[in-house]
Amino acid sequence: MILALTRRIFAGIVTLLLVYTATFVMVVSIPGNPFQSGDRNMPREAQQALRARYHMDNNWTFYAEYLTGAIHLDFGPAFTYSDWTCNQIIASSLPVSMLLGLLAILIALLVGLPLGVLGAVHRDNPIDFLGLFIVILGISIPTFVTGTAALTLFCVYLKWFPVGGWGTLRHLPLPALTLSLPFIAYIARLTRGSMIDTLHSDFIRTARAKGLAERTVIWKHALRVAFLPVLSYLGPATAQAMTGSFVVEKVFGVPGLGQHFVNAALNRDAGLILATVLVFSAVLIALNLLVDLLYSVIDPRIRGAL
Amino acid sequence: MIRNLFVICVALCLALLGFFSLTHREPRADFTYVNPSGIHTLDPARMSWLQDFRVALNLWEGLTTWDPQTTKPIGAAAYFPPEISDDGLVYTFHIRSDAYWSNGDPVTSHDFVRGWRRAIEPGTSADYAFLITDHIAGAAQYVQWRQETVRTMSALRSKEQNDAMDSAIRACANQLPKRFNRVGLQTPDDKTLVVHLKTPCPYFLDLTAFATFLPIHRSIERLQLRYLGTPLTREGLIAFDPQWTKPDFHHKGYNGLVTNGPYMLGDWSFKQRARLVVNPYFREADHIRCRTIDMLEYENVSASIMAYEAGDVDFLTDLNVPYKHELVRLAQTGRRTDLKLCKVLATQFLNFNCQSDTVGGAKNPFKDPRVRKAFTLATDRNRIVHHVLASGDRIAHSFVPPDVIAGYTPPQGLGYDVDRAQSLLRQAGYPSGDALGTVELLVTAHSVRLGEALAGMWQRDLGVRVELRVQESKTFAQNKAIRNFMIARGNWYADYNDPTTFLDCLATANGNNDSGYSNPRYDKMLADARTESDPQRRAEILRKAEALIVKTDCPILPVSHSSELIAIKPYVKGLYPNPRLWFPFRSVSVER
């Protein structure tokens, strides 16, 4: 077990290094000057001085220095927002995204799982169709539409919540709900599919033959097995939700990490691009590992085969 | 098990919400506004965005400032007007005896020299350093020397000659005071600043209100980066810990940002909010009605409009939304009196590539002024400005916007005349539009509509094949700067209240001359204007120079003079729409 864990951690570090190298190559090869802002051209001398200051005048030293910094968890200065370091930017925005993402995933589980189970149990009934309808809405309507619609209805007309922003409890529900919609849909579909399979398996027939109540059969015996595909989806889904959604953040004015993925790339902010990509990859790898650990807790068959 | 999972989920949810609700939230500020693109930097020397300038000029105060209604220069930290020598070359400013920093220190002339010097140092890499080097005697020579030393250091570093580099840094550090003494800035005493100009500058008092000319408190020196005990970094640059703009940064005896304006920075959280509070030492602090100002950041302008509609925000600027034309219509028909259009000192235009023979392998026909003129004549600006863009802009027939700069009336450029355009093309050796080959028009994603309208017009009237190249803004900027285009969209925002802020862009050696236009006659006229002391004769020379551009040589095609849309709640008093979009909050009052 310990050996397996060590191997996984080692593999994770190698993956991070590869991700770093690939991103680095892309960052230094795209055209565009990170230091220029607006319509004014930058004098060549000023550009050279800045490149020297950020050690960008030599790609090899920049690669090595940034990597050394990243190993010490210091991602250096942000180029576009020169008053802030990448660490400060991530420290201020990652907790926001994590809170929102975690809430969204929890909502998605609380709604998506029962929706999927009901759909499987009442297969091809109106209940199933209703679930399917919600799922299709969740998957096919992009969050910038649902978000804007929710904002207009609940904030502008009904005035139940403040219009965007961050800082109080009332700022939370709408972005969290909007962010959870696609996850609800996926979780419900996954649960329904694997639940249908499970309900046909032998051990369920045995459980029913034993005379167990249908409720116990479904919610205790069947769901435990049917939950496994959902669990493996939860790893990447949580990583994705917790590192921020550009769209939801933009619509609701949430100061999360998602906006920096897009803006850093648009601004050619090499330091911040690398920092955000590394943070996202690290969270993704860590959560996948966590999911695999949870697997062995839920499914005894997998124990030892990490 | 599943039940446990649900219990855990719900418990986690509640715990998260509980934790979140405990976080502290201050009460609403007296006045709230939205800064559309957020703060890029609060270092006044490094600023290049209007949104940043606006915050800086409420936090700091220069020697002069602009009247919010007329935008003419008025007194600020120095008594107004200063003493000006008869030849217009020496300005003597007397700093007010009641000018104080937010920590109670008096504002001195040394604070100004510190700020201006920082702005021209290569280590600061200020976009607007040229405002100082172009005007103040000896500044350009000092910067040139500094750049040479930095280059030497860089060469030594790349050869890894560390000993030579160390001695070069020491030598440079030793020479620094002597070299800087040659710059035309003198401080005979703590309250007097004498400025020597290179040439007379009729708009110098307008410049001294600009963010690049703000003073910096001496506490910043505690954060100077030093190598070998010199005031230089290992790269030979003069640089400071960039954290100095934070109100709560305490390090090596530095106690957070100190400013000398009506407000000081109370709190600043990245991409969320900056709170300004009244500077208790400001001379008129007791008369300022809005004691706290919140500057919010919304990534999405539409969300900020909704927040304004819901009453969470009192004031919005730069409403650049896809439905701006709808808002402009509401404002112009008087249905929304809180929406106001400000004519701004900005021009949207097209650059013709006047220099390169070929672009991307194809022959560039725009080297010939007749072709540039033909395209200008074949552009129906009335249609573009009023029907295609419809965002409240004005038709541009000149580079400098009319009736905004006092004492200058720009010449009337070429109008819409298809017949003349076609005959000019024939004269240039292109009997039909086809003969030109494919003409490339380079635009950003924001100006696709403009590009499509132009392409359609030229195709119809001149019979040319136009290919629209749409590029993301950074790629676009790079291609524009290296002149990899035939026609490229341009936009220019005035830096100061004088026609030269536009006209200098087309001078031969200017770094913003994207079209590569070069005419010795034009350069000569700009040089003559520089030495002309009579304002009327000067304006006449500049008018002739501009006429050369918009009537004869046509290196650029002016399209529109921009307008910005702002929204002010009716209960907000003391905010005036003006062409510089300069909104001092000290005169604002909120009567809800």
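User: What pattern does chain A follow when read along the sequence?

Analyst: Helices (H or I, at least four residues) and strands (E, at least two) are DSSP runs, numbered from the N terminus. In this predicted model, chain A reads α-α-α-α-α-α-α-α-α-α-α-α, with twelve helices and zero strands. Residues are numbered from 1 along each chain as its sequence is written, and chains are lettered from A and ligands numbered from 1 in the order in which they are written. As the model is predicted, local features need pLDDT of at least 70 and side-chain atom pairs count only at pLDDT 80 or more, while totals for chains, interfaces and linings use all residues.

User: How is the packing of helix 1 and helix 12 of chain A described?

Analyst: Two packed helices are described by the angle between their axes and the distance between the axes. Axes are lines fitted to C-alpha atoms, for helices over the stretch in contact, and angles run from 0 to 180 degrees between N-to-C directions. Helix 1 (residues 2-29) and helix 12 (residues 270-298) of chain A pack at about 155°, with axes 10 Å apart. The two helices of chain A are therefore roughly antiparallel (an angle over 145 degrees).

User: Which residues make the contact between helix 1 and helix 12 of chain A?

Analyst: Two residues are in contact if their C-beta atoms, placed from the backbone, lie within 7 Å. Helix 1 of chain A contributes residues including Gly12(A), Leu16(A) and Phe24(A), and helix 12 of chain A residues including Ala270(A), Leu278(A) and Ile285(A). By class, the contact has 13 nonpolar residues, four polar and one charged. Here Ala, Val, Leu, Ile, Met, Phe, Trp, Tyr, Cys and Pro count as nonpolar, Asp, Glu, Lys and Arg as charged, and the others, Gly among them, as polar.

User: How many residues of each chain are in contact across the two chains?

Analyst: Chain A places 57 residues in contact with 54 residues of chain B. Helix 4 of chain A gives the most to its side, with nine residues. That side of chain A divides into 30 nonpolar, 16 polar and eleven charged residues.

User: What share of chain A is buried?

Analyst: A residue is buried if 20 or more other C-beta atoms, placed from the backbone, lie within 10 Å of its own. Buried residues make up 45% of the 306 residues in chain A.

Notes. A residue is buried if 20 or more other C-beta atoms lie within 10 Å of its own, exposed if 12 or fewer, and partly exposed in between; C-beta atoms are placed from the backbone. Angles under 35 degrees count as roughly parallel, over 145 as roughly antiparallel, 65 to 115 as roughly perpendicular and the rest as oblique.
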